[in-house]
Amino acid sequence: MTAFALEGPIWLVGCGNMAGAMLRRWLDCGLDPREVTVIRKSGAPVAEGVTVLTAPPPDGAVPALVLLGVKPQMLDLVAPDLAPMLSEETLLVSILAGVELEALRRRFPVPRTIVRAMPNTPVAVGQGVVALADASAEQAGRDRAEALMQPLGLVEWVDESLFDVVTAMAGSGPAFLFRFIDALAEAGTDAGLPADQAARFALATVQGSATLAAAADESPRELADRVASPGGSTRRGLDVLDEDNGLNPLIRNTLTAAILRNREMAEAARQ
C-alpha cells in the first residue's frame, strides 16, 4: 500500500456499492488484500484474501486507515465500538452522505486527521470523481488522503459548505446519467429500433460523447452547437431541450431534491 501513502492495516466499516467500488479499484492497483479487513454485519465475503468480520477485531495492530462506508443512519451503532480502537495516526475517511466533519469529530475524538470523501461509482474503473473536505490543518494528513484517492479518478478538495452540492452532482450524478441513457434507448425503441440495439446505440453514444468532451478544448455547450446545423434535425431536438421547462430546470430540480435530502441527513447526524 506504499503507493497509496499508507502502511498498516486497512479497515472498511461497511462495504456496500460505493465502498466496494473503491476497494475493487485499490485491489486492482496492487493493494495487498491481506492488509484489508472488512467489518460488516452480514459477514458476506467481498474479495479473495480480504478478511471479513462482523465486528472490529478485539486485538491486533491499530488501523492505518478506517473507511466509514455504512449507511449514515448506522453511524451511532458502529461508532461506540470503533472509536476506542483508533489512534492519533489513524486516517479516518468517511463517505457517509450528509454527515459533517463536526459530527464525525464528536464521535471519533482521537484521530488527528478526519476527511470527508464523496466518491461516485465510476471509481471502480479509475474514472470516478472524489471530492474531499478536511478540518485538519495538518498537510501530511491531507497528502495521505489525496494520495489514497488518486487511483480512483479526479480528486479535488472543496469547502465543506458545498459538500451537499457535490454529493448531489457528482455522487448521485451517475445514477441520473444512467437514467438518461435508459431514456435515450427507450425513446429509440419507441421510434422503431429493436430494444437491444437501441440500448447499445445509447450507451456507445454517451460513452463516446463523454470521451470527446473530456479531450476537447470547447465547452460541452459549444460541442453541442457544432453538431447542430442551422435548421437541421439536431437543432430541432435541442430546441426541445432548451425550452423553458426543458432540460436545465429538470436537472436543477433533480439536484435540488438530492441536496435537500443531504441536508436532512446532516441535521439528523447533528443530534
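Predicted model: local features only at pLDDT ≥ 70, side-chain atom pairs only at ≥ 80, totals over all residues.
Let's start with the strands. Eight of them form an open sheet with mixed pairing, in the order β3-β2-β1-β4-β5-β6-β7-β8. At the edges sit β3 (51–53) and β8 (153–157), each pairing on one side only. On average, neighbouring strands in this sheet are turned by 20° against each other, ignoring direction.

Now zoom in on one pair. Strand β6 (residues 113–119) runs antiparallel to strand β7 (residues 128–134), and five bridges join them. If you want a spot to look for, A117 has L132 in β7 as its bridge partner.

## A helix across the strands

Helix α4 covers residues 139–149 and lies across β4 (65–68), β5 (91–94), β6, β7 and β8. Against β8, helix α4 runs at about 160°.

## R107

R107 belongs to helix α3, which spans residues 101–107. Is R107 buried or exposed? R107 counts as buried, because its relative accessibility is 14%. Apart from neighbours within four places in sequence, R107 touches L75, D76, A79, A83, A269 and Q271.

## The cysteines

How many disulfides does a search of the whole structure find? The count is zero. For C15, the closest cysteine sulfur is in C29, 16 Å away, so a bond is out of reach. C29 is likewise in no disulfide, with the sulfur of C15 as its nearest.

C29, at 33% relative accessibility, counts as partly exposed.

Terms used. Residues numbered from 1 in each chain as written. Heavy atoms only, no water. Disulfide = S-S within 2.5 Å. Buried < 20%, exposed > 50% of the residue type's maximum accessible area, 1.4 Å probe, protein only. Helix = DSSP H or I, 4+ residues; strand = E, 2+ residues; numbered from the N terminus. Contact = heavy atoms within 4.5 Å. Pairing = 2+ DSSP bridges. Axes fitted to C-alpha atoms, helices over the stretch in contact; angles between N-to-C directions.
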